[in-house]
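Trainee: I'd like to learn how to read a model like this one. Could you walk me through it?

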Amino acid sequence: MKIKLVIGGCLIVLAAAGSSLAGQAQNNCGCGLGSMLWANKADGSILSQTMQVTTNGLFGNQTFGITSGTLGCEQPESIGADDRTFAYVRDNMDGLARDIAVGRGEYLETLAELLAVPEDSKGAFADSLQDNFSQIFVTGEEPAEVILERIVIVAG
Amino acid sequence: MQQRAVQLKLHEQRYWRVLLHYRKQGDGWESQIDDPDFFIALNGKTNPRDELIATVAALFGEPTVGAENPRCRYVARRAWLREQLGLPEWTTDAGECPDFEQALRWVDPQTATLVFPGSYANSPASMFGHTLLNFNGPYQSKQLAHAANYSAFTDETNGFAYAIKGITGSYPGYYSLLPYYDKIKEYNGLERRDIWEYPLRLTPEETRKMFLHLWELRNIYSDYYFFDENCSYNLLFLLEAARPDLRLTEQRPLWVMPVDTVRLVDRHDLIAEASYRPSVATLLNRQTAGLDARETVIAQKLAGGELRGRDLDAMGLGAEGEIRALEVAATAIELKFIKKDLSLADYRRRYLEILKARSTLGAGGADRHSGQKPIRPDHGHGSSRLGLGLGYTESRWVQELSFRPVNHGLLDPEDGYLPGSQIELGAFALRFNEEKRQIQLKRFQLVDIVSLAPVNAFDAPVSWLVRAGLRRQTLPEGRHLVSYLGTGGGYAWQGRWGLGYLLLETEGLYARYLKNDFAIGGGASAGYLARLGANWRMHAKVRQIRYLLGERDWSGSVELGLNLRIDRRNSLSAEVARRVDFDSWATEGMLFWYRYW
């Protein structure tokens, strides 16, 4: 388990052996809104999902952290989008939700690019997602594949 | 093959030295990398020639069995050696090195960007910022880049040991590569730091070379030093691997500030422009500035959960007003959650409710990321400052020479720096004493940090200061050097012209000339820090401390400072103070010329 501090402007990552902390981090992870922003309120530590991901990226078995990930939120087998799109939606659900509600923004543009929405359809894409926001984000607990599936259906 | 490589003197070539991080050490060479796994020859750290021979043998000799195939690990050496030895170009899609090939395909490096997350006012730990290097793939969205980062790893939990070890290089530093959007969440979000992005003038071929070298460095450590061989310095090796003509790591100063590496890279003409990515906290401040009083109250209630999104219609704000209030409330909720003032369940419920209400209002509102771009941090004044002063006090003229290695004071020109923050480390001032005809130490500031973060409608951050050092001051028996340690905490407010603040302070003094050698007390300070026009700054301050333990007495001061910015390298300051220390009053006026670099 790794904890991270920043000192002197540069990054220091504390790697502490503590399986109980690790367990908590996993319990708190889950999917849906907020899960990738700041997981660990429970133990009051500076440990977070993001940081866990950071260190996994380095020492874990992932290939040099080129994709991050949340335990329990792995990509299901059959989904109509590529790995990058799935990972993006999973890891950026909060920013995406806001941009969809507002009708514009960098997260929305990134999603449109990943879904290969043609340039002249991007306005309509943004409008239809905004109009259907309540159908896409119903409880805020939906995992990424559900959100992505709804987005794809809404966007037609 | 080995013979041929040696005959060609490849080990004496610049690129070999870059790839192995060799630096001249006396008569020979030594690699900056400390991990033995990085070298193929046993004496590779200090012998470029033996390392070359061993590398050629490992890459082009009989394939090795077990462990990680060196051909798939030392990919930059491999690509370069093939070129130098006249071998056909290495194709990276042969399926020989699945991990590497997959990473290369996934990141697909085309161009690179230097990324500088700045400092955050209220986090002493992120004082100097940080640097990352982004590999941009074929996407328009900057978020889809991958960020290379160099950082130290440790299991130390004792803050003191940790600082000492960090300074003396007892921690291993590693490179990592992660999706840039994770870094955006980390810096813009969790740490509330503004990010600057500087696209680099590197070709796709150069960017690719840099990526190959990064691959070689994965899971390889070097001793990490806070001040010089730190996060910023180590990224420079990657840039040299991209373009070996660049000589970035050779002239290493005593300390490497992240912003100075940006300046260094800029001096080599690699930076064309800069873009700005405000943090969640900055966004909230900017968005709130666009609200009127009533909208602000409603946004506060929405963020606090006292008002539901669907009840907004009854408030009579009009569509545009509702949009503004809802969008501010959404940002405020994000910030509350990041600060852990909100549980996950509450966050989800409120955030979703606000966003649902917003989604029914269609287009409109201001782009959250529009707004003025502040001055680039690398365009601020230099990190070091020399001061020459002339003044008058106690019926005599005084001359002062001061030097501050790091980095910014409240009165210095603010462009490029975080408003209301001061970080002064290791500064000292010397005065020429006419009577004694000798040079005396006036003060030595080990640390002097002030963070003034204004309260706003959604957040009331604590402003604080901490300082320690030596200063020459009036004591009950004449003027002497005193050791001091002071702390303070309070609040700051954004006024029309600048920041006002009120801090409660404690201070301890230690000197032989005090009763029982010490004095400890408490008091308060208040001040106003204003920007007057484009180039003038003013800082007015009053302070009083009452010493209750040891020597019982009091000291107080009224100070006024004015600074005129001349250009990026020069400013003039006028500082007037009237102070009382242990029953002795004095008035002093000084004029300074400051030079920054």
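Mentor: Let's settle one word before anything else: a residue is buried when its relative accessible area is under 20%, and exposed when that value is over 50%. Keep in mind that this is a predicted model. Now take Arg404(B) and Asp412(B): both are buried. They also form a salt bridge, with the closest N and O atoms 2.7 Å apart.

Trainee: What share of the residues in chain B is buried?

Mentor: Of the 597 residues in chain B, 56% are buried. The C-alpha atoms of the chain fill a box of roughly 85 × 80 × 45 Å along the principal axes. As for secondary structure, chain B has 15 helices and 22 strands.

Trainee: And how do I read contacts along the sequence?

Mentor: Look at how far apart the partners sit in the chain. Among chain B contacts between residues at least 6 apart in sequence, 62% join residues at least 24 apart.

Trainee: Back to salt bridges, then. How many does the structure hold over all chains?

Mentor: The total is 38. With each one, ask which elements it connects and how accessible the partners are. Arg77(B) pairs with Glu51(B), the closest N and O atoms being 2.7 Å apart. Arg77(B) sits in helix α5 (residues 75-84) of chain B and Glu51(B) in helix α3 (residues 48-60) of chain B, so the bridge ties together parts that are 26 residues apart in sequence.

Trainee: Is Arg77(B) buried or exposed?

Mentor: Arg77(B) is buried, at a relative accessible area of 0%. Glu51(B) is buried too, also at 0%.

Trainee: Which residues does the network of salt bridges with shared partners join?

Mentor: That network joins Arg467(B), Arg471(B), Glu505(B), Glu507(B) and Arg543(B).

Trainee: Okay, domains next. Where do they fall in chain B?

Mentor: Chain B is divided into domain 1 (2-90), domain 2 (106-277), domain 3 (291-359) and domain 4 (380-596). The centres of domain 2 and domain 4 of chain B are 34 Å apart, taken over C-alpha atoms. Twelve residues of domain 2 and 18 residues of domain 4 make the contact.

Trainee: How much area do domain 2 and domain 4 of chain B bury between them?

Mentor: About 1,100 Å², with 59% of it on carbon and sulfur atoms. On the domain 2 side, the touching residues are eight nonpolar, two polar and two charged. There are zero salt bridges between domain 2 and domain 4 of chain B, though three residue pairs are in polar contact across the interface.

Trainee: Last one: how do I read a single helix?

Mentor: An α-helix has 3.6 residues a turn, so residues three or four places apart point the same way. In helix α6 (residues 122-131) of chain A, the buried residues are Phe125(A), Ala126(A), Ser128(A), Leu129(A) and Gln130(A). These buried residues pack against α4 (93-102), α5 (106-114), α7 (133-136) and α8 (144-155) of chain A, together with α15 (344-359) of chain B.

Technical notes: Residues are numbered from 1 along each chain as its sequence is written. Chains are lettered from A and ligands numbered from 1 in the order in which they are written. This is a predicted model: local features need pLDDT of at least 70, side-chain atom pairs count only at pLDDT 80 or more; totals for chains, interfaces and linings use all residues. Side-chain values use heavy atoms; hydrogens and water are left out. Domain bounds come from an automatic or database domain assignment. Contact means heavy atoms within 4.5 Å. Buried area is the accessible area (1.4 Å probe) that two parts lose on being put together, summed over both. A salt bridge is a side-chain nitrogen of Lys or Arg within 4 Å of a carboxyl oxygen of Asp or Glu. A polar contact is a pair of N or O atoms within 3.5 Å; within protein, one must be able to donate a hydrogen and the other to accept it, and residues adjacent in sequence count only if both atoms are side-chain atoms. Ala, Val, Leu, Ile, Met, Phe, Trp, Tyr, Cys and Pro count as nonpolar, Asp, Glu, Lys and Arg as charged, and the others, Gly among them, as polar. Buried means under 20% relative accessible area, exposed over 50%, partly exposed in between (1.4 Å probe, protein chains only). Helices (H or I, at least four residues) and strands (E, at least two) are DSSP runs, numbered from the N terminus.
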